[in-house]
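Take a moment with the sequence and the model below. Then read on and find each part as it comes up.

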Amino acid sequence: MGAPAAFCAPAGRGLALRGGAAVASATARRHARVAAAPGARRAPRMDAAGTDFDDVARRLAEELGAPAADAGDKDEGAGAENVSVGPGNGGLMRVSMKHAASNQEVEVYTLGATVTTWKARGDDVLWVSKENKWDGAKPIRAGIPLCFPQFGPGPLAQHGFARLATWEVVFAGTLDDGSVQTVMTISDKTDNDVIREWGHAFTAEYAVTLSPTGLETSLRVVNTGTAAFDFTAAFHNYFAVTNVSEARVFGIEGLPYADRLNDGASGTEAADGGAGYLVDKAVDKLYSGAPEELAAFDFGALKVIKIKKSASLPDATVWNPFGEGGCDGGWKNFLCVEPAAAADKVVLEAGEEWLGAQLLGVE
Ligand SMILES: O=P(O)(O)OC[C@H]1O[C@@H](O)[C@H](O)[C@@H](O)[C@@H]1O
């Protein structure tokens with residue numbers, strides 16, 4: 001899989017929340033789908049369960065007939081029963097989507113465009129902190145906080161403004177292939193102090209899509225100004241695990257890393273003999289050149305969470321504080337594996353765009 005160059009998501013039907021159906025369709029088309037990207041390169045020894053979720057799911061969908069939305073009716077609003085927009089926790093605005101054929105559900109808050117819940121086969125794959133106040137004052141610690149235009153500490157607020165800003169929903173509905181999708185956007189026009197502080201002209205679009213192959217999140221950044229800017233970014237996945245001390249990460253052995261718990265000291269991850277990296281102490285490492293596919297294994301639930309990422313996200317962080325100090329009382333029940341473009345800054349010249357995407361699957 002290279003950078004997802006082909007914008008192959010079909011036009012959709014659903015709630016066009018700004019600018020009518022034309023906006024909705026055009027927006028949906030612009031987002032690449034990792035699942036559909038041609039020429040995917042297989043990473044060796046990544047597949048902890050010995051099967052390829054993506055291929056199996058796609059093949060079955062083809063054989064059994066894609067669980068598409070009602071094919072005949074193309075009116076705007078058809079398929080909207082899969083999607084609702086309204087107040088969630090604390091009255092914060094939320095998009096809720098269902099992909100009934102594959103028994104998946106997802107919720108995305110406009111605060112930070114944060115995916116907070118992804119239910120697959122009845123279980124929530126993502127972790128939600130019980131300490132969230134849902135008052136809009138702080139980023140939501142749950143699911144998939146979006147880190148942009150700064151991953152980690154730096155001149156801006158920790159992890160940038162994306163998770164602090166309120167995003168505008170520009171599409172929420174069912175695509176012609178039966179996938180359900182919401183697209184949210186922010187730009188330099190968005191009312192947010194940290195965005196003003198950054199000072200660059202940009203738009204960012206974030207697409208969240210449920211399909212038979214799983215949950216896809218896709219961030220598209222466009223430099224709409226006349227001068228170059230740079231950024232770092234990450235999908236800060238909080239995966240729910242039965243007990244983090246029995247969880248393992250696959251795909252990172254032998255990779256170079258910067259150890260954030262040790263002033264960014266560089267090292268190389270030890271070989272794990274195929275058993276995966278055991279999270280038995282605090283870890284906060286940024287791995288460079290991470291493979292296209294990673295996995296987290298929850299031994300307590302015998303569950304494999306698979307992550308497929310675009311080449312434009314060459315890095316990955318593994319994080320768990322392994323203790324309550326400075327973090328969250330729920331630390332035992334999450335493991336963060338975060339596709340990132342962070343070891344080197346992404347430089348966008350005037351008029352250029354960048355797209356980073358991940359596809360999550362579970363078995
Ligand atoms: O507490 P925050 O700002 O949400 O960040 C949580 C963690 O996020 C991780 O991505 C970082 O690698 C950690 O260093 C950081 O502590």
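Start with the whole chain. This is a predicted model. The protein chain has three helices and 23 strands. It holds 363 residues, and 48% of them are buried.

Next, find an open sheet. Five strands form it, in the order β2-β3-β4-β5-β6, and the pairing is antiparallel. Which strands stand at the edges? They are β2 (83-87) and β6 (123-124). Each has a single partner strand, so one side of each is left without a neighbour in the sheet. The partner strand β5 covers residues 114-120, and two antiparallel bridges link β5 and β6. Look for Ala120, which stands opposite Asp123 in β6.

Move on to strand β11, residues 214-223. Is this strand mostly covered or mostly uncovered? It is mostly covered, since nine of its 10 residues are buried. Strand β11 has pairing with β10 (residues 202-211), antiparallel and over 10 bridges. These two strands make a hairpin, with two residues between them. At this pairing, Ser211 stands opposite Gly214. Strand β11 also pairs with β23 (residues 353-362). That pairing is antiparallel too, with eight bridges.

Now turn to strand β14, residues 247-250. In a regular strand, side chains alternate between the two faces of the sheet. Both faces of β14 are covered. Ala247 and Val249 lie on one side, Arg248 and Phe250 on the other, and all are buried. Strand β14 pairs with β19 (residues 293-298) in the antiparallel sense, over four bridges. Phe250 stands opposite Ala295 in β19. Strand β14 is also joined to β17 (residues 277-278) by two bridges, and these strands run antiparallel. The bridge partner of Arg248 in β17 is Leu278.

Take Leu335 as a case. Leaving out residues up to four places away in sequence, Leu335 touches Phe239, Val241, Val244, Ala247, Val279, Ala296 and Asn320. One of these, Ala247, is a buried residue of β14.

Now compare a residue with another setting. Asp230 lies in strand β12 (residues 229-235). Why is Asp230 called exposed? It has 12 other C-beta atoms within 10 Å, and a residue counts as exposed if it has 12 or fewer. Asp230 and Lys345 are 115 residues apart in sequence, yet 6.0 Å apart in space, C-alpha to C-alpha. Leaving out residues up to four places away in sequence, Asp230 touches Lys345, Val346 and Val347.

Finish at the ligand. Which residues are around it? They are Arg141, Gly152, Gln158, His159, His236, Arg260, Asp284, Thr317, Trp319 and Glu338. By class, this shell has one nonpolar, five polar and four charged residues.

How values were computed. Residues are numbered from 1 along each chain as its sequence is written. This is a predicted model: local features need pLDDT of at least 70, side-chain atom pairs count only at pLDDT 80 or more; totals for chains, interfaces and linings use all residues. A residue is near a molecule or strand if its C-beta atom, placed from the backbone, lies within 6 Å of it. Ala, Val, Leu, Ile, Met, Phe, Trp, Tyr, Cys and Pro count as nonpolar, Asp, Glu, Lys and Arg as charged, and the others, Gly among them, as polar. A residue is buried if 20 or more other C-beta atoms lie within 10 Å of its own, exposed if 12 or fewer, and partly exposed in between; C-beta atoms are placed from the backbone. Two residues are in contact if their C-beta atoms, placed from the backbone, lie within 7 Å. Two strands pair if DSSP finds at least two bridges between them.
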